[in-house]
Amino acid sequence: MADVPEPRRDRVASSVPQLRARAEVLSFLRRLAWLGVAILGLLALGSIGFVLTEGASVWRALRWTLDTVATIGSMPPPPDVGGQILVVGLIVLGVGTLFYALVTATEFFVAGHLNGLLSELREQRMIDSLSDHYIIC
């Protein structure tokens, strides 16, 4: 008797955990990409703000923005009120964005998404490697 090809629904069902795992990872990477864009935007806007309010050079303004967003505090505070308001805004937005990035990464690992996804993929690989087995109900 000729070999009968595996039914299509079995192949589709076996790829469901892999598709779900891929969707979870892509969702996580998409969130990280948006966070990266937000941080770069914050750095650009902060640098432009320091150039306009304090008359700083672009390089000094970028360093000032990085120092403020990362809450390092190694650079002196701006003397003008406009610059001080900018610093307050950068601290609030920068710390909030960085905490959100930390929470996003922590949630992915602590909530068991990665562990669950890896175990499902391992189990599916083991099932896919089986051959010449029959399930009798």
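Analyst: Gly-49 counts as buried, because its relative accessibility is 13% and buried means under 20% relative accessible area, with exposed meaning over 50% and partly exposed lying in between (1.4 Å probe, protein chains only). Before going further, please keep in mind that this is a predicted model, in which local features need pLDDT of at least 70 and side-chain atom pairs count only at pLDDT 80 or more, while totals for chains, interfaces and linings use all residues. Residues are numbered from 1 along each chain as its sequence is written, and side-chain values use heavy atoms, with hydrogens and water left out.

Gly-49 belongs to helix α1, where helices (H or I, at least four residues) and strands (E, at least two) are DSSP runs numbered from the N terminus. Helix α1 covers residues 8-54. Once the neighbours within four places in sequence are set aside, Gly-49 is in contact with Glu-54 and Leu-86, contact meaning heavy atoms within 4.5 Å. Gly-49 and Gly-83 lie 34 residues apart in sequence, yet their C-alpha atoms are 7.7 Å apart in space.

In soluble globular proteins, nonpolar side chains tend to be buried together.

Further along helix α3, which spans residues 81-110, sits Thr-97. Thr-97 is buried, with a relative accessible area of 15%, and, apart from neighbours within four places in sequence, Thr-97 is in contact with Leu-35, Ala-38 and Ile-39. Leu-32, in helix α1, counts instead as partly exposed, at 33% relative accessibility.

To place this part in the whole, the protein chain has 4 helices and 0 strands, in the order α-α-α-α along the sequence. Of its 137 residues, 23% count as buried. Among contacts in the protein chain with a separation of 6 or more, 60% are between residues 24 or more positions apart.
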